[in-house]
Amino acid sequence: MDGRLFGSVTNVDISDALKAQGFDVPKASIRMPQGSLKQIGDHPLTIALHTDILANITVSVLGEQ
């Protein structure tokens, strides 16, 4: 396997995962300049909390174990 996913991880998936951890982040606030995540691994992303307030997070995409 080359680390590619059968599907992709979108801002909706990330918003849902953050909500499950107690963080209510709208999908429109999640900045994905490279588009959907299609590779296993760690991906740095930015969340726009307010007009001039940005938070950097790292999303870890894991394959099936």
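S29 is found in the loop between helix 1 (11-20) and strand 2; helices (H or I, at least four residues) and strands (E, at least two) are DSSP runs, numbered from the N terminus. At 15% relative accessibility, S29 counts as buried, where buried means under 20% relative accessible area, exposed over 50%, and partly exposed in between (1.4 Å probe, protein chains only). The structure is a predicted model, in which local features need pLDDT of at least 70 and side-chain atom pairs count only at pLDDT 80 or more, while totals for chains, interfaces and linings use all residues. Residues are numbered from 1 along each chain as its sequence is written, and side-chain values use heavy atoms, with hydrogens and water left out.

**The loop and the helix**

- Not counting residues up to four places away in sequence, S29 touches T46, I47 and A48; contact means heavy atoms within 4.5 Å.
- V25 also lies in the loop between helix 1 and strand 2.
- V25 has a relative accessible area of 10% and is therefore buried.
- Apart from its neighbours within four places in sequence, V25 has contacts with S15, L18, I30 and I47.
- From C-alpha to C-alpha, V25 and I14 are 8.9 Å apart in space, and they are 11 residues apart in sequence.
- S15 lies in helix 1, and its relative accessible area of 9% makes S15 buried.
- The contacts of S15, leaving aside its neighbours within four places in sequence, are V25, P26, K27 and I30.
- S15 and I57 are separated by 42 residues in sequence and by 12 Å in space, C-alpha to C-alpha.

- An open sheet is formed by 3 strands in the order 2-4-5, with antiparallel pairing; two strands pair if DSSP finds at least two bridges between them.
- Strand 2 and strand 5 stand at the edges with a single partner strand each, so one side of each is left without a neighbour in the sheet.
- Strand 2 (residues 30-31) pairs with strand 4 (residues 41-50) in the antiparallel sense over 2 bridges.
- In strand 4, I47 is the bridge partner of I30, and T46 is the bridge partner of R31.
- Strand 4 and strand 5 (residues 53-61) run antiparallel and are joined by 9 bridges.
- A hairpin leads from strand 4 to strand 5 through 2 residues.
- In strand 5, V61 is the bridge partner of G41, and I57 stands opposite L45.
- In a regular strand the side chains alternate between the two faces of the sheet.

**The protein as a whole**

- The secondary structure comes to 1 helix and 5 strands, and the elements run β-α-β-β-β-β from the N terminus on.
- The C-alpha trace spans about 40 × 25 × 15 Å along its principal axes.
- The protein has 65 residues, of which 25% count as buried.
- Among contacts between residues at least 6 apart in sequence, 28% join residues at least 24 apart.
- The accessible surface comes to about 5,000 Å², and 53% of this surface belongs to carbon and sulfur atoms; accessible areas come from the Shrake-Rupley method with a 1.4 Å probe, and for residues only the protein chains shown count as cover.

**Charges**

- The protein has 5 positive and 7 negative charges, and their mean positions are 7 Å apart.
- Lys and Arg count as positive and Asp and Glu as negative, whereas His and the chain ends are not counted.
- The place of a charge is taken as NZ of Lys, CZ of Arg, CG of Asp or CD of Glu.

**Confidence of the model**

- The mean pLDDT of the protein is 90, and 91% of its residues reach 70 or more; pLDDT is the predictor's confidence in each residue, from 0 to 100.
- Confidence is highest in helix 1, at a mean of 96, and lowest in strand 1 (residues 4-9), at a mean of 79.
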